[in-house]
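Q: I would like to learn how to read strand pairing and a ligand site in a model such as this one. Could we go through them in turn?

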Amino acid sequence: MNLKYNTDLGGMNTFRMKVKAACLLEYDSAEELSSLLSDTRFSSELPLPLFHIGGGSNLLFTGDFPGTILHSRIRFIEPVEDGDDVHVRIGSGVVWDDFCAWAARNGYWGAENLSLIPGEAGAAAVQNIGAYGKEAGDIIESVECLDIQDNRTVVLKGSECGYGYRESRFKNDLKGRYIVTAVNVRLTKKYSPDLDYGHVREALAERYGSAVIDERRLTPAQVREVIIDIRRNKLPAPEETGSAGSFFRNPFVLPEQYAKVAKVAEKENLGPVPHFPGDDGLIKIPAAWLIEKCGWKGYVEGNAGVYRNQPLVIINATGKATPDEILALESKIVSSVREKFGILLRPEVEHI
Ligand code: EPU
């Protein structure tokens, strides 16, 4: 375990906010976490509140954190093959993309579209991370947790996790109570690429030739490579520019709201409104488009900015942005989108 007081969190959040935590506790196994938290002499000394982080890639620390940051260092990838199926148990502290790379290397399908998403496996299960037509919840069979209220191990089936678009029960009714210690996913050796999102198919055909797709000869590693390239072109390189990926969720709106947006677009000559069908008759309008049409793409003010290739991403433009600068930019973007289109953007990034 690693226990530190008054520690700098700059290296533990991809936004690179220079904030401190009163305490940081990293643990190496579910058993260790359980025994630490049940040892009342130890746990009663920990500053409160407790807050669990993964790779710190979907967070905005809005100031110093007065409590204890928990972080998993449970790191194993344990596969069991069963015919074409491959059941994989992943420790919550495994870097998600290390798992995706491992799966692609072994020729297993299922995780390739989720390549290069920053963060760790535990957070992937909480956040239901998604990209290029796939979500973590699509491959999760079950999630192993420690219930810190009753100090017992609980295994939730994937179907019990309440997965939706960037949603799960771990962010709602189970928040602060269940800590994910391992994630069980199902991959497959059976040929099953998922190429229907955006330009994934075209990008693959361009790189490897369309015969590879027509003759069903693609490999998960090839899909992974193309996904990585698409991401690198659109999203800031985490080692160069601080950000937390998409800052806002894509809004799902009623047909009447969509019609209003289309009217504004027509009046102001903004071109066709991109939209995709969602559940329950709702329509998804990309937040990136709404933000771009409000003129924010590539905008920088002080140390905070909007990424030039993907306006859904707020960046720490100089590396010196303060939480207040990011929050000020966030609220200006939200107000302008609401004023122009009547849509209230909701942040995807958790504010702490
Ligand atoms: N768009 C613009 N301008 C831009 C970029 C995009 O108008 O500069 C519009 C276009 O209409 C485009 C549409 O937005 O077709 C969708 O863009 P993109 O495919 O880049 O995806 P996104 O909806 O903006 C979501 C996820 C990303 C994920 C991509 C790819 C959310 C909040 N974001 O973004 O996830 O990588 O799809 O699947 O759902 C993240 O969560 O941190 C993240 C990066």
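This is a predicted model: local features need pLDDT of at least 70, side-chain atom pairs count only at pLDDT 80 or more; totals for chains, interfaces and linings use all residues.

Q: Which strand do six bridges join to strand 5, and how do the two run?

A: That strand is strand 2 (residues 20-27), which runs parallel to strand 5; here tyrosine 27 stands opposite serine 72 in strand 5.

Q: How many of the eight residues of strand 5 are buried?

A: Buried means under 20% relative accessible area, and seven of the eight residues of strand 5 (residues 65-72) are buried, so that the strand is mostly covered.

Q: Turning to the ligand, which residues are the closest?

A: The ligand is surrounded by 24 residues, of which Tyr132, Tyr165, Tyr197, Glu292 and Lys297 are the closest. By class, this shell holds 12 nonpolar, six polar and six charged residues, and helix 10 (287-293) is one of the elements that supply at least two residues each, giving the largest share, three residues.

Q: What lies 2.6 Å from an oxygen atom of the ligand?

A: A backbone N or O atom of tyrosine 132 lies at that distance, while tyrosine 165 places a side-chain N or O atom 2.7 Å from a ligand oxygen atom. Of the 820 Å² of accessible area that the ligand has on its own, the protein covers 84%.

Q: Why does the ligand lie between domain 2 and domain 3?

A: It lies between them because domain 2 (77-234) and domain 3 (242-351) both give residues to the shell around the ligand.

Key: Residues are numbered from 1 along each chain as its sequence is written. Side-chain values use heavy atoms; hydrogens and water are left out. A residue is near a molecule or strand if one of its heavy atoms lies within 4 Å of it. A polar contact is a pair of N or O atoms within 3.5 Å; within protein, one must be able to donate a hydrogen and the other to accept it, and residues adjacent in sequence count only if both atoms are side-chain atoms. Accessible areas come from the Shrake-Rupley method with a 1.4 Å probe; for residues, only the protein chains shown count as cover. Helices (H or I, at least four residues) and strands (E, at least two) are DSSP runs, numbered from the N terminus. Ala, Val, Leu, Ile, Met, Phe, Trp, Tyr, Cys and Pro count as nonpolar, Asp, Glu, Lys and Arg as charged, and the others, Gly among them, as polar. Domain bounds come from an automatic or database domain assignment. Buried means under 20% relative accessible area, exposed over 50%, partly exposed in between (1.4 Å probe, protein chains only). Two strands pair if DSSP finds at least two bridges between them.
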